[in-house]
Amino acid sequence: MKHSDKERSLWATALYCWTLVVIIIPNIALSITDPMPFCGRIANVLLPGGLCWLALSSSRKIGRTVLLFVILMVFAAFQIVLLYLYGRSVIAVDMFLNVVTTNPAEVGELLGNMATAIFTVIALYLPPIITAIVACRKRWRLNNKFLQMMRIPALCCTAAGILLTAGAYATDSNYKVENDLFPANIANNIKIAVERSIKTAETSNSSYSFHAVADSADTDRKVIIVVVGETSRGDRWQLNGYDRPTNAELNPESFISFPKTLSESNTTHKSVPMLLSHITSETFEDSIYYVKSFISAFREAGFRTAFFSNQRYNHSFIDRFGFEADTTLFIKEQGNYGTNPSDLAMLPLLENEIDAGCGKQLIVLHTYGSHFSYKDRYEGIAPVFQPDEPLQAERSRKAELDNAYDNTICLTSKLLAGVAEIIQKRNLNGAMIYTSDHGEDIFDDSRNLFLHASPVPSACQIYVPLILWFSDIYSEANPLMVKNALTNRDSNVSSSRSFSHTALDLAGITTAVSDTTLSLVRAGYKEPARLYLNDHNESVDLKRAGMRNIDFAVLDSLEIKVN
């Protein structure tokens, strides 16, 4: 059916208005949700809106103009999904890095369970893009008089936005366009993410040495097991007082839990490297590119080392550190484990490594733990809590989400019990330390937050479990360490600071960077300042990390000190 020039002009005008509205939606939302001066809130709408308005008014060929906005629409859609999950904050540097370091299977699991958010952004942004293609094919044109009429308010809007931006700088010393104005902040964060990725690829830690030495008096065989968890919340562990039986296999007298533990990051690609090294939030930006993990310290001290992971390669420091071991295996990269193996699949690898080895050993298990989609973490294993489906990332499905999530904690509990059983049955002098990289939000309060790695952390995202276990022979040989662990169990702990120093101490290893005041098996343990590694890799006091009063109330209820 052919359309008259008037009809084509009307369709073109509709597309023009439609595009302007959907492009500015993230700006309006961020102006409401994010902390910024009043002038900055208004400028965040008027300045980008005015510039887009002018751009749309630059040509009669509306289809072509709208298609030039496709990249901006993609980021706008990404931003809306982020606001759906986290309730605030612009797309962070870490979010872009997560895209690079997250495998396609993870992305598929996440998107497949976010029907509401995905449908919303598709409904908002796909129709104008399709219509713009139609406009190009059918040669829709805007009316010249309409364009001239639109340019005047567009210019006024832009000018007002510039003045208000200046006002934001004048009234708030913390205001910066590159941090607070969408999409300028997106461009800045992409730039930072690219710079970090390049630096990671180009730098080397090959010359780094811990100058590690083992206790010369300790010549017996010793096996240290390090278990690095994923997305496990400390408050979902029965050992920490949770009212559901998520740790039925773990005796609280032998599995020593530290219920006041926080992580200094809510993202895997930063938290795990801090756990596996002596790097903290204060030294991360300057040193992470050049240091090695404690796996190399164990090797320097004469230990045979192994790193088994139930995650895929992600081209991050985790991969680099993992390949420092004598034996390294990412089981999902192998063809004989299926596409979605349980963490329990690493237990036979642990047994084989122990039985094939002799002398002193370090074995690191990197789990997939409680990563969403939760139900996929225990596939083929009878769930403890039901119903655990249908599983969708929606507040209305919180009961099912909680059940599925708690089932993942049960499975991690089985893994830890299995590790202890393997060591104990062989009458080995062994110890195990476990923690998680970060926690998770599961629609816990009125903010309706979900998942982790949000630009601004929540209490649930940084509250993690930390557990020590000692075999009978280890306890007999090291009674003071066990006593100190029991004494320190009620202390405030930073997993990011204490994990590596405790692991080395369990092995009797001293390095050039050892700090016994951070070891949980030392009498001289000192509680840390509460710090957080923010999106721009700055170490900030937890009270300056952007958390809300409701988060600090949660930490207070757990008797966790926040400086």
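Accessible areas come from the Shrake-Rupley method with a 1.4 Å probe, and for residues only the protein chains shown count as cover. By that method the protein exposes about 22800 Å², with carbon and sulfur atoms supplying 58% of it.

This is a predicted model: local features need pLDDT of at least 70, side-chain atom pairs count only at pLDDT 80 or more, and totals for chains, interfaces and linings use all residues. Residues are numbered from 1 along each chain as its sequence is written, and side-chain values use heavy atoms, leaving out hydrogens and water.

**Overall build**

The protein has 21 helices and 15 strands. These are DSSP runs, numbered from the N terminus: helices are H or I with at least four residues, strands are E with at least two. The C-alpha trace spans about 90 × 50 × 45 Å along its principal axes.

**Cores**

A nonpolar core is a set of buried Ala, Val, Leu, Ile, Met, Phe, Trp, Tyr and Cys residues joined through side-chain atoms within 4.5 Å.

| Core | Size | Residues, including |
|---|---|---|
| Largest nonpolar core | 92 residues | Y16, I62, I225, F255 |
| Second, separate core | 50 residues | L466, F499, L504, L520 |

I225 touches L350, I363, L365, V419, I423, A431, M432 and I433, not counting residues up to four places away in sequence. Contact here means heavy atoms within 4.5 Å.

Note on methods
Buried means under 20% relative accessible area, exposed over 50%, partly exposed in between (1.4 Å probe, protein chains only).
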